[in-house]
Amino acid sequence: MGGSILLGIFWHFVGATSAACFYAPMKKVTNWSWETMWAIAGIFSWILLPWGISYWLLPDFGSYYSFFGSDILLPVFLFGAMWGIGNIGYGLTMRYLGMSMGIGIAIGITLIVGTLMTPIIQGRFGELLASTGGQMTLIGVDPLYVALPSYVVIMGGGAIINLGFCIIRLITRPELSFKADMSVVKGLLISNILFSALGGIMWYFQFFFYAWGHANIPANYGFMSWMLHMSFYVLCGGIVGLLLHEWKDTGKKPTRVLCIGCLIIVLAANIVGLGMAN
């Protein structure tokens, strides 16, 4: 069991690292509107990869989804659309706040809310408070391919919201033009598409490895996968921000606070591991 938990933590770290770095190649995109870049990246992360990988892994792709009725698929799709709304805001934090600060604020809030919401909805929050392992786990909130097919539906909802937002802005905002973005010189056009696609691919693989990590976490603490993933996400985002010199010329104090925050995240993740072990 201990080895399985460690393997789960490792895959969460891999997925979080991919997520924390996804915007780095997109920062290389030039002479394009943010909306075009975000849409191109999204086509890969929300449509091509979820469908392609699920089609590759599922023995019978069509029969699998025909098994579920609209009473199951529609709520999942709508929750995906709700995620899509948040994803637009998240993408804009990357644009205006940078990677380390944007990830720290957006994912930090998501970490706490997402970790605690599941046991609250399930009515298990009292169990966590009553058990030693659960108490230690809460202190830290300061089958393998099962989840992957659900991404087809979830990200389908998110894709409609995100692509719709980008298309509407490209059509209605006079300073934006998809045609102008596609009219840049050929070499720049190719590099912009490749960097956007790479960002989208890296964004998707956070979910891919999240599923691997989640499969190795004990079922009764499955909701803690979110905490582990998001903690590593914030940690890696801070490190990437430092490597990309986002904190250059801000002085020593902000950098020191960032480093302290990263150490707290590492400590919290270890406490969660001890909580699950107990």
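The expected span of a helix is 1.5 Å times one less than its number of residues. Helices are DSSP runs of H or I, at least four residues long, numbered from the N terminus.

## The model

This is a predicted model, where local features need pLDDT of at least 70 and side-chain atom pairs count only at pLDDT 80 or more, while totals for chains, interfaces and linings use all residues. Residues are numbered from 1 along each chain as its sequence is written, and side-chain values use heavy atoms, leaving out hydrogens and water.

## Helix α3

Helix α3 covers residues 34–57. With 24 residues at 1.5 Å each, α3 should span 34 Å, and its end C-alpha atoms are 33 Å apart, which agrees.

α3 bends by about 40° at L48. A bend is the angle between axes fitted to the seven residues ending at a residue and the seven starting there. A proline, P50, follows within four residues.

## Helix α9

Helix α9 covers residues 148–172. Its 25 residues should span 36 Å, and its end C-alpha atoms lie 35 Å apart, which agrees. α9 bends by about 25° at I154.

Two packed helices are described by the angle between their axes and the distance between the axes. Axes are lines fitted to C-alpha atoms, for helices over the stretch in contact, and angles run from 0 to 180 degrees between N-to-C directions.

The axes of α3 and α9 come within 9 Å and cross at roughly 160°. The two helices are therefore roughly antiparallel (over 145 degrees). Their crossing is left-handed: the near helix is turned anticlockwise from the far one by less than a right angle, whereas clockwise is right-handed. This contact has 20 nonpolar, five polar and two charged residues. Ala, Val, Leu, Ile, Met, Phe, Trp, Tyr, Cys and Pro count as nonpolar, Asp, Glu, Lys and Arg as charged, and the others, Gly among them, as polar.

## Helix α11 and its partners

Helix α11 covers residues 186–215. The axes of α3 and α11 come within 8 Å and cross at roughly 45°. The crossing is right-handed.

α9 also passes α11 in a right-handed crossing. Their axes come within 10 Å, at roughly 140°. L148, Y151 and M155 in α9 meet Y204, F207, F208, Y210 and A211 in α11, with contact meaning heavy atoms within 4.5 Å. This contact has eight nonpolar, no polar and no charged residues.

Key: Parallel < 35°, antiparallel > 145°, perpendicular 65-115°, else oblique.
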